[in-house]
Amino acid sequence: MTLKGKIALVAGATRGGGRGIAAELGAAGATVYVTGRTTRSQQSEYKRPETIEDTAELVSDLGGQGIAVQADHLQSAQVKALIERIRREQGRLDILVNDIWGGENLFEWNKPVWDHDLDNGLKLLRLAIDTHLITAHHALPLMIENRGGLLVEVTDGTAEYNAEHYRLSPFYDLAKVAANRMAWAHAKDLEPYGATAVSITPGWMRSEMMLEHFQVTEETWQHATKIQPHFVISESPRFVGRAIAALAADPLKARWNGQSLSSGGLAQEYGFNDLDGSRPDCWRYMREVMEQDKPADATGYR
């Protein structure tokens with residue numbers, strides 16, 4: 001599998017799934033533009049240590065070329081300038097991954113709309129929906145200039161799962177359903193240009209924030225199963241990255257156009273494993289095992 005010569009943009013690559021996706025695209029040989037708001041000289045309101053420069057260096061260390069560009073994807077002018085830079089420097093865009101999120105501190109579980117903080121809920125929707133549409137608006141005209149492009153909308157939960165399960169907050173629920181629908185809609189517009197659009201969900205992701213929550217590291221994550229047994233089906237951020245890299249390298253990827261996919265499902269299709277050699281399939285597990293005892297929704301993958 002190689003993506004050598006391919007140009008990718010991972011929008012929202014500071015940490016978590018975005019970083020894992022950028023890393024694996026780089027490992028496959030791609031040139032990857034990684035964007036986010038947190039740099040080594042300027043933090044977002046998250047006040048976290050991860051930076052886009054760190055992600056870009058990881059991409060390069062793994063064999064690709066990582067290029068960090070600070071951008072707030074709510075700001076149309078900044079995204080337009082980003083795409084103009086990619087056009088100027090590369091002349092093409094082959095892969096667009098919309099992984100912008102930023103809502104961890106905004107949702108409130110088990111609260112109806114009248115009890116949920118309204119400003120936080122509306123901001124969450126802007127971060128989860130507006131950013132993706134703004135980025136697609138500016139980036140897709142460049143991508144469709146060459147056939148074979150791939151747009152990936154990253155979400156939480158397959159379309160099947162989200163259609164049948166309330167995600168414990170009206171704002172979070174809408175945000176995660178919307179990404180699946182956006183991919184389906186973009187697929188209709190992109191198909192005449194020989195491009196493919198899909199949505200993809202990781203499983204229960206061992207992001208930096210999730211590891212901190214359980215007070216473990218990527219090396220010691222299994223200790224967390226003593227607190228939460230279902231964490232046994234968790235996956236590293238690189239697992240969804242391997243899913244997207246495999247999909248991008250597939251010359252027949254158009255067969256997935258408009259579909260809602262998962263990292264575990266694509267692992268079965270393409271035969272890759274996680275960093276530790278395991279092959280988790282979170283959403284199959286959720287259907288077949290967790291439905292038996294109806295636990296609280298606790299994926300919170302980012």
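How many aromatic pairs does the structure hold? It holds ten, where rings of Phe, Tyr and Trp (its six-membered ring) pair if their centres lie within 6.5 Å, with planes under 30 degrees apart counted as stacked, over 60 as edge-to-face and the rest as tilted. Please keep in mind that this is a predicted model, in which local features need pLDDT of at least 70, side-chain atom pairs count only at pLDDT 80 or more, and totals for chains, interfaces and linings use all residues. Residues are numbered from 1 along each chain as its sequence is written, and side-chain values use heavy atoms, leaving out hydrogens and water.

Let us look at one of these pairs. The ring centres of F107 and Y172 are 5.1 Å apart and the planes stand at 75°, so the pair is edge-to-face. It links distant parts of the chain, 65 residues apart: F107 lies in the loop between β4 and α4, and Y172 in helix α6 (residues 170–190). Helices (H or I, at least four residues) and strands (E, at least two) are DSSP runs, numbered from the N terminus. Y172 is buried at 3% relative accessible area, buried meaning under 20% (1.4 Å probe, protein chains only). Ring pairs also join W101, F107, W109 and Y172 into a cluster.

Now for the sheet. Seven strands form an open sheet with parallel pairing, in the order β3-β2-β1-β4-β5-β6-β7; two strands pair if DSSP finds at least two bridges between them. β3 (65–70) and β7 (260–262) are at the edges with a single partner strand each, so one side of each has no neighbour in the sheet. Three bridges join β7 to the parallel strand β6 (residues 196–201), and I200 has L261 in β7 as its bridge partner.

Terms used: Buried < 20%, exposed > 50% of the residue type's maximum accessible area, 1.4 Å probe, protein only.
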